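Please open the model in your viewer and keep the sequence panel beside it.

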Amino acid sequence: MLLLTQVQRERLIANGKCRADHKPVVKFFSPIGAATWLFAELDEDGDTLFGLCDLGFGLPEMGSASLAEIAAVSLPFGLTIERDLCFEGRFPLTIYADAARLAGSITEDAARLEAAAAARTQENPALPPP
């Protein structure tokens, strides 16, 4: 599977040039495990992605990952890491990170994401600092 379309690649690179709290552009996942990645930026090197990474151990974190390394992952039964074709980022990456810290994994649950977004707008959010 092609992990990035040309349009996604261009958008990720544009986001990488303008550092901000972007919405994730792409979601990758393991079809046989809990590993999930939401990426919002791609460096001009075309390989270094930035986003929210969750390897399935209950400790999702913001960071960088190599597109080449993710693409090279070989899973049982000839499977590889896949791109979620239906994913559309609705919130900035920090909202996904806040919700993931509370849930223990990356979540797309609307109620959890909206609660994380609401907590960010309060003066004294109940969330730990990123």
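This is a predicted model: local features need pLDDT of at least 70, side-chain atom pairs count only at pLDDT 80 or more; totals for chains, interfaces and linings use all residues.

Residues are numbered from 1 along each chain as its sequence is written, and side-chain values use heavy atoms, with hydrogens and water left out.

The largest share, four residues, comes from S4. If Ala, Val, Leu, Ile, Met, Phe, Trp, Tyr, Cys and Pro count as nonpolar, Asp, Glu, Lys and Arg as charged, and the others, Gly among them, as polar, the lining divides into seven nonpolar, four polar and two charged residues.

**Second stop: the sheet**

Now show the strands, two of which pair if DSSP finds at least two bridges between them. Five strands form an open sheet with antiparallel pairing, in the order S4-S3-S2-S1-S5. S4 and strand S5 (82–83) stand at the edges with a single partner strand each, so one side of each is left without a neighbour in the sheet.

Strand S1 (residues 26–29) is joined to S2 by four bridges and runs antiparallel to it; the two strands form a hairpin with six residues between them. Select phenylalanine 28 and, opposite it in S2, tryptophan 37. On to the pairing of S2 with S3, which is also antiparallel and has six bridges; here leucine 42 has leucine 49 in S3 as its bridge partner. In this hairpin, with five residues between the strands, glycine 46 takes a positive phi near 75 degrees.

Which residues of strand S2 (residues 36–42) are buried, where buried means under 20% relative accessible area, exposed over 50% and partly exposed in between (1.4 Å probe, protein chains only)? Seven of its seven residues are buried, and the strand is mostly covered.

Aspartate 47 lies in the loop between S2 and S3 and, at 23% relative accessibility, counts as partly exposed. Contact means heavy atoms within 4.5 Å, and, apart from neighbours within four places in sequence, aspartate 47 is in contact with Leu42, Ala65, Ser66, Leu67 and Ala68. Its C-alpha atom is separated by 8.1 Å from that of alanine 65, which is 18 residues away along the chain.

**Fourth stop: the cores**

A nonpolar core is a set of buried Ala, Val, Leu, Ile, Met, Phe, Trp, Tyr and Cys residues joined through side-chain atoms within 4.5 Å. The largest has 17 residues, and those with the most contacts inside it are Leu4, Leu12, Phe28, Trp37, Phe39, Leu49 and Ile70. S1, S2, S3 and helix H2 (67–72) each supply at least two residues of this core, and the largest share, three residues, comes from S2. Apart from it lies another core, of 15 residues, among them Leu38, Phe87, Leu93 and Ile95.

Select helix H3 (residues 93–103), which is largely enclosed by the rest of the structure because eight of its 11 residues are buried. What covers these buried residues includes S2, S3, S4 and helix H4 (110–121). Just after H3, glycine 104 takes a positive phi of about 85 degrees.

Finally, go to phenylalanine 77 in the loop between H2 and S5. At 80% relative accessibility phenylalanine 77 counts as exposed, and it has a positive phi of about 65 degrees although it is not a glycine.
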